Amino acid sequence: MADEITDDDFDLIIPPGTPRTIIRDIATKYEVEIVSVTRPLSYANMVSDERELLAFRGKQNVIEEANEYLIAEIKKFIEKDEYDDK
């Protein structure tokens with residue numbers, strides 16, 4: 001995990017519940033680090049609640065590519081589960 005954050009570093013929060021296989025694929029396919037970040041959550045009765053979340057950290061262009069991959073893979077995972085339940 002990184003000790004220092006530079007101005008060139010960007011974080012992509014990993015949505016809670018993301019399958020480990022997707023996280024592993026991104027960590028090996030892209031030049032990113034997996035880091036722990038604290039972010040405020042504001043929904044329902046959790047106003048001003050802070051949670052420690054996992055994130056990918058890297059250069060902006062790499063994070064943008066990883067984000068596209070993450071979204072596509074989560075969509076595939078959801079669609080697969082929808083059909084498996086029938």
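Here, buried means under 20% relative accessible area and exposed means over 50%. The legends below describe a predicted model.

**View 1. The two faces of helix α1.** Let's start with the helix spanning residues 20-29. The buried residues of α1 are I22, I23 and I26. Looking down the axis of α1, these buried residues fall within an arc of 100°, so they line one face of the helix. On the face turned away from this buried side, α1 carries the exposed residues R20 and T28.

**View 2. The largest nonpolar core.** This core is made up of 13 residues. L12, I26, Y30, V32 and F56 are the ones with the most contacts inside it. Two elements, α1 (20-29) and α2 (60-84), each give two or more residues to the core. The biggest contribution comes from α2, with 5 residues.

**View 3. The surroundings of V32.** Here we zoom in on V32, one of the core residues with the most contacts. Setting aside neighbours within four places in sequence, V32 is in contact with I26, A27, F56, R57, V62 and I63.

**View 4. F10 on strand β1.** F10 sits in β1, the strand of residues 9-13. With a relative accessibility of 34%, F10 lies between the 20% and 50% cut-offs and therefore counts as partly exposed. Apart from neighbours within four places in sequence, F10 is in contact with F56, R57, G58, K59, Q60 and I63. Have a look at A55 too: A55 is 45 residues from F10 along the chain, and the C-alpha atoms of the two residues are separated by 9.6 Å.

Methods:
Residues are numbered from 1 along each chain as its sequence is written. This is a predicted model: local features need pLDDT of at least 70, side-chain atom pairs count only at pLDDT 80 or more; totals for chains, interfaces and linings use all residues. Side-chain values use heavy atoms; hydrogens and water are left out. A nonpolar core is a set of buried Ala, Val, Leu, Ile, Met, Phe, Trp, Tyr and Cys residues joined through side-chain atoms within 4.5 Å. Buried means under 20% relative accessible area, exposed over 50%, partly exposed in between (1.4 Å probe, protein chains only). Helices (H or I, at least four residues) and strands (E, at least two) are DSSP runs, numbered from the N terminus. Contact means heavy atoms within 4.5 Å. The arc is that of the directions from the helix axis to the C-beta atoms.
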